[in-house]
Amino acid sequence: MKKISFFNQGCRLNQSETATLEQTFQAGGHLVVPLSDQPDVVVVNTCTVTENGDTDTRRLVSKIVRDNPNCKIALIGCQAQILKEQLLKLPNVQWVVGNAQKMNLMDLLEVDQSEPQVVVPKILRETFTIDTPGTDPRHTRANIKVQDGCDFYCAFCVIPFARGPARSRDYHDTLRETVTLAGAGYKELIVTGINVGTYNDGTHTFVDLLNGMLKVDGLQRIRISSIEPTTVDWSVIKMMAEDNALCRYLHLPIQSGTDEILERMSRKYTTGEFVDFVTRVSAAVPGLGLGTDVIVGFPGETPELFDQTAALLDSLPLTYFHVFSYSERMYARSQKHGDKVAPLEIQRRSKILRELSDRKKNDYMTTQLGTVQPVLFESKKRGEWVGLTETYIRVSVTSDRNLKNEICPVLLTDIEQDKIRGSLVNL
Ligand code: SF4
């Protein structure tokens with residue numbers, strides 16, 4: 001038996017995989033402990049989507065070694081897949097395991113050899129199953145992995161190299177985990193993958209999968225995580241409008257608000273198509289929570305093109321956006337463009353868009369005041385219970401009751417920074 005600590009970096013998909021790994025190790029008789037408990041092994045599920053991911057891993061490894069000079073470190077996941085030589089140079093690293101093999105980590109750790117082990121085979125396009133459910137007692141809502149990899153090759157993105165080709169989880173295996181998670185008391189599941197809208201296990205599409213999951217007893221909410229705009233079938237929107245259990249929430253990455261940059265990014269839509277889709281969806285699903293991602297400072301983004309992006313984002317019925325500063329990624333084709341934007345200018349533009357996002361969020365929250373919304377409560381912070389609406393607004397209430405994992409109707413009354421205060425409604 002080993003004492004083992006886990007760290008997760010990056011996206012929701014990594015979170016779901018780390019939760020599954022923790023469960024697998026516990027079931028295998030190992031003890032999952034915090035870093036302060038002097039673990040024998042520390043596992044870091046890494047991210048490489050931006051430069052920050054790489055820097056964060058180096059910093060984290062330094063901290064782990066400072067606190068636990070004798071532990072061995074396993075670096076797994078996306079950085080392991082494409083940066084194995086660099087990772088091997090970091091102190092105490094004993095295993096570097098890519099995405100194809102990381103879920104077999106427990107077996108790999110059994111073979112404790114003196115030389116560091118590098119296990120980074122090619123990732124194959126195969127339908128997959130996951131034996132252990134990703135329950136995580138630290139979270140009220142559970143991520144369920146349904147898909148991995150991507151074939152789109154957007155010019156800025158390293159993910160198709162780090163995560164491999166698009167592949168889907170077996171439909172029946174996914175439903176089995178859905179039933180298990182619902183039985184374990186989870187009320188909300190977040191359907192997670194790299195490019196979930198392309199889900200197809202050979203016999204079932206993404207729409208089939210949602211339909212199957214929505215029939216599972218006990219589940220009250222299904223939320224679709226980030227989804228590529230060109231992959232959303234209109235029947236998903238109809239389900240969202242008609243079925244209370246599919247959250248009225250979409251996160252559709254736009255990345256840029258100009259056709260010039262979208263084309264350079266090799267995105268699969270024009271601004272006109274995006275605007276048209278978002279307008280139709282917002283009309284079909286009243287009150288929709290609609291988020292997006294935008295990259296600032298992609299090569300060739302002139303001040304005028306940036307202004308056009310900001311104006312387009314402002315005009316759309318978006319409720320928030322995540323702003324990413326462009327950074328060069330190994331393998332990504334955008335490295336080849338010569339007309340780079342200066343880092344200070346990227347910072348300036350990012351700040352403008354973050355402020356715009358705050359204003360859009362505030363505008364949206366204002367439209368919600370005076371309404372009653374079901375809120376799934378997750379935690380108690382500074383004497384207040386905090387939870388989420390299905391449209392992804394954070395809500396706080398005061399209550400002496402234990403509201404954890406309860407869905408309660410709340411009258412939304414006041415905006416407080418990035419959340420809304422409300423009061424419980426007795427029905
Ligand atoms: S759709 Fe584009 S941005 Fe998203 S993972 Fe695939 S290549 Fe990357």
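**Ground rules.** I number residues from 1 along each chain as its sequence is written. As the model is predicted, local features need pLDDT of at least 70 and side-chain atom pairs count only at pLDDT 80 or more, while totals for chains, interfaces and linings use all residues.

**Helix pair.** I looked up α7 (residues 171-183) and α8 (residues 206-214), whose axes come within 10 Å and cross at roughly 30°. Helices (H or I, at least four residues) and strands (E, at least two) are DSSP runs, numbered from the N terminus. Axes are lines fitted to C-alpha atoms, for helices over the stretch in contact, and angles run from 0 to 180 degrees between N-to-C directions. The crossing therefore makes α7 roughly parallel to α8 (angles under 35 degrees count as such). I noted Tyr171, Thr174, Leu175 and Thr178 of α7 in contact with Asp208, Leu209, Gly212 and Met213 of α8 (C-beta atoms, placed from the backbone, within 7 Å).

**Ligand shell.** Which residues are around the ligand? I listed Cys150, Phe152, Tyr153, Cys154, Cys157, Ile159, Pro160, Ile194, Asn195 and Glu228 (C-beta atom, placed from the backbone, within 6 Å of the molecule).

**Barrel.** I traced five strands that close into a barrel in the order β15-β16-β17-β19-β18, with mixed pairing (pairing needs at least two DSSP bridges). From one strand to the next, the twist averages 50°. β18 (residues 407-416) pairs with β19 (residues 419-424) in the antiparallel sense over six bridges. In this pair, I found Ile415 opposite Ile420 of β19. Helix α13 (residues 343-368) packs on the sheet and touches β15 (372-381), β18 and β19. The direction of α13 makes about 125° with that of β18.

Conventions
Parallel < 35°, antiparallel > 145°, perpendicular 65-115°, else oblique. Contact = placed C-beta atoms within 7 Å.
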